[in-house]
Each structure stands twice: as structure tokens, then as C-alpha cells.
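Morning, everyone. I have one structure to walk through today. Here it is on the screen.

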Amino acid sequence: MIAVLEATNLCKTYIVNKSQNNVLRNVNLTLHEGEFVSVMGPSGSGKSTLLYTVSGMDRLTAGEVVFDQKSLSGLSEKEVSDLRLRKMGFIFQQMHMLGNLSVYDNIILSGYEALKRNGNSRSRSDVNQQADKLMRKLGIIETAGHDITEVSGGQLQRACICRALINDPIMLFADEPTGALNSKAAQEVLAELCRINREGTTIMMVTHDMKVAAQSDKVLYMVDGTIQGQHILGKYSEGQGLKEREQSLTKWLMEMGW
Ligand SMILES: Nc1ncnc2c1ncn2[C@@H]1O[C@H](COP(=O)(O)OP(=O)(O)OP(=O)(O)O)[C@@H](O)[C@H]1O
């Protein structure tokens, strides 16, 4: 199996008012191609910080992250930013859509940015076609011209998934992607993530929701800046054995002190 992401002895320390907060303490982590891994744990245990440091959004204090066989610490800020734009996609609970643009324009924006920076073989019309294809696939094509205030939370989060996929990333990073949604919309978004993962995209997702994590392949449990354990569930096929997966995950989470 090929490793897409490898973090070794990862440390992240914040200094606030001269006091040191060791948020990540020697974390080791490997994600292989095609894996769907959830990160759970108590509030403040460092889950989001882990996601931001391994994806190069935040610099490490110590340790190493190798993404797609490149060490992030050996790259300049610009190179890390280019790598994020081309190879990584991001989905957040606070969706961070631009209010003055339509749903469609929000989706194509980073596609155009990648063209501008890299001048690769794609044209604007290829980006437009990709946006169109993704919006149809995720069932939101009718919202293309809408203002972002004119669509439901579930539609907006599906638009965020389209935006994250516009440059065909090899990996998606999702921080509480269902956190702001009702349970029906959350399940729809999760079903899309599972489908995207089955098509080959590696996913790392932070979630507080056991039902959401139960559909990933593996769950990591963080406490106080370290990974305390992992629970392997295997690949989920829609509609199959979800109850048993939820039961086994709940039992394990209880053992971990959740
Ligand atoms: N930019 C920052 N500057 C200073 N401290 C920070 C910063 N970001 C996070 N922290 C601190 O790092 C710790 C871990 O935060 P983080 O958001 O990673 O936890 P989390 O497990 O994702 O929490 P939650 O489940 O509540 O979202 C917290 O103590 C937080 O206050």
C-alpha cells in the first residue's frame, strides 16, 4: 500500500501570553492511498490542529510530514500552498464561502487560481466542465446561479465538496463536515464523502459524531495531543452492517473514555 501522508514525531506548540501549550506531542500517523480515516477525541485534544499541521495549513514546531512523497518542511510557503491547491481538498464546518459570489463561482475559483499559478494543461473551459460535472454528481446543479444565502445548509456543504474537488485532489481533509447540518443533510454529505472515497480519494475527517465516524475505515482517538488508539472498521458498503459498526465503535469509544 502506498502512503499518501506520513507524519513522524509531530509536535505543535502554541505560546499564548508567554505560556506554552503543547497541543501535539510526538504524533505518528500514516494514511494510505484510498483510506478514509476519522479522528475523534475530547474537545481541545488537538484534532483540528493535527488536521491543519499535516495538511501544511499550519507550520509544525517539530517533526516531519511527508505528503505525496514530499517533505513539507523542505518546501517554501509558496510550494506548500501550490501543493495544497493542486493535491489537497478542504471541507470545513464553517463553510467559508464568499458571500459576494454565486455557488458556481465559489466552486470554480480555486480551479482558476490553479490555472493562474501553474499554467497547466487545463483551460478555463475544462474547469467549468469539471464544476458542471461535480455539481450534477452531487445533485446541486440547479443551485449554480444562486447566491450562497439562497441554498440549504446541505446544498451548501455539497457545494463545498465540489469546490474541494475542483482540482482533482488526491486527498480530502474535512473538519466537522457534518457539524452544522441536520441529520438528513449530514447523511447525504457523508454518503458523498463515502462515494468519493470509494472512487479513490483518501480522506482524513475530524468528527465528534460517532454515527459519522462509523462509516469510515478507521477511527483514531486523540487525548491531550497524542493518538491513544485506533479502531479498524474496514470499508463501509452503503446500507450494510451500519448498526454493528456503530455498536462496535461505541463500545471501543467507551473503553477509550469517551
Ligand atoms: N491558533 C491557535 N493559537 C493558540 N492556541 C490554539 C490555536 N489553535 C488551537 N489552539 C489550542 O490548541 C488546543 C487544541 O485545539 P484544537 O482545535 O486542535 O482541538 P480539537 O480537539 O479540534 O477541539 P474541538 O473538538 O473543540 O474542535 C486548544 O487548547 C486550543 O485552545
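Let me begin with Asp68. With 15 C-beta neighbours inside 10 Å, Asp68 counts as partly exposed. The cut-offs: buried takes 20 or more other C-beta atoms within 10 Å of the residue's own, exposed takes 12 or fewer, and partly exposed is in between, with C-beta atoms placed from the backbone. Asp68 lies in the loop between β4 and β5. Its phi is near 50 degrees, a positive value in a residue other than glycine.

Some ground rules. This is a predicted model: local features need pLDDT of at least 70, side-chain atom pairs count only at pLDDT 80 or more, and totals for chains, interfaces and linings use all residues. Residues are numbered from 1 along each chain as its sequence is written. Helices (H or I, at least four residues) and strands (E, at least two) are DSSP runs, numbered from the N terminus.

Asn26 also has a positive phi near 50 degrees, and it is not a glycine. Asn26 is found in strand β2. It has 14 C-beta neighbours inside 10 Å, so it counts as partly exposed.

Four strands form an open sheet in the order β2-β1-β4-β5, and the pairing is antiparallel. Pairing here requires at least two DSSP bridges between two strands. Which strands sit at the edges? They are β2, residues 19–32, and β5, residues 70–71, and each pairs on one side only. Two bridges join β4, residues 62–67, to β5. Val66 stands opposite Ser71 in β5.

Helix α1, residues 47–54, packs on this sheet. It touches β1 (3–16), β2 and β4. A contact means that the C-beta atoms of two residues, placed from the backbone, lie within 7 Å. The direction of α1 makes about 65 degrees with that of β2. For angles, axes are lines fitted to C-alpha atoms, for helices over the stretch in contact, and values run from 0 to 180 degrees between N-to-C directions.

Next, the ligand. Its surroundings are Tyr14, Val16, Asn21, Val23, Gly41, Ser43, Gly44, Ser45, Gly46, Lys47, Ser48 and Thr49. A residue is near if its C-beta atom, placed from the backbone, lies within 6 Å of the molecule. β1, β2 and α1 are the elements that give two or more residues to this shell. Which one gives the most? That is α1, with three residues.

Six strands form an open sheet in the order β6-β7-β8-β3-β9-β10, with mixed pairing. β6 and β10 (226–232) stand at the edges with a single partner strand each, so one side of each has no neighbour in the sheet. The twist averages 20 degrees from one strand to the next.

Is β6 largely enclosed or left open? Four of the five residues of β6 (88–92) are buried, so the strand is largely enclosed by the rest of the structure. Five bridges join β6 to β7, and the two run parallel. Phe90 stands opposite Phe173 in β7. Further across, β3 and β9 (218–223) pair in the parallel sense over four bridges. There, Met40 stands opposite Tyr221 in β9.

Last, helix α6, residues 183–198. It has 16 residues and reaches 22 Å from its first C-alpha to its last, close to the 22 Å expected at 1.5 Å a residue. That expected span is 1.5 Å times one less than the number of residues. Ala186, Val189, Leu190, Leu193, Ile196 and Asn197 are buried in α6. Seen down the axis, the buried residues fall within an arc of 115 degrees, so they line one face of the helix. The arc is taken over the directions from the helix axis to the C-beta atoms. On the other side of α6, Lys184 and Ala191 are exposed.

What does the buried face pack against? The partners are β3 (36–40), α5 (153–165), β7 (171–175), β8 (202–206) and α7 (210–213). Just after α6, Gly200 takes a positive phi of about 120 degrees.

Leu181 lies in the loop between β7 and α6. It has 20 C-beta neighbours inside 10 Å, so Leu181 counts as buried. Leaving aside neighbours within four places in sequence, it is in contact with Gly153, Gly154, Gln157, Ala186 and Val189. The C-alpha atoms of Leu181 and Gln157 are separated by 8.6 Å, and the two residues are 24 apart along the chain.
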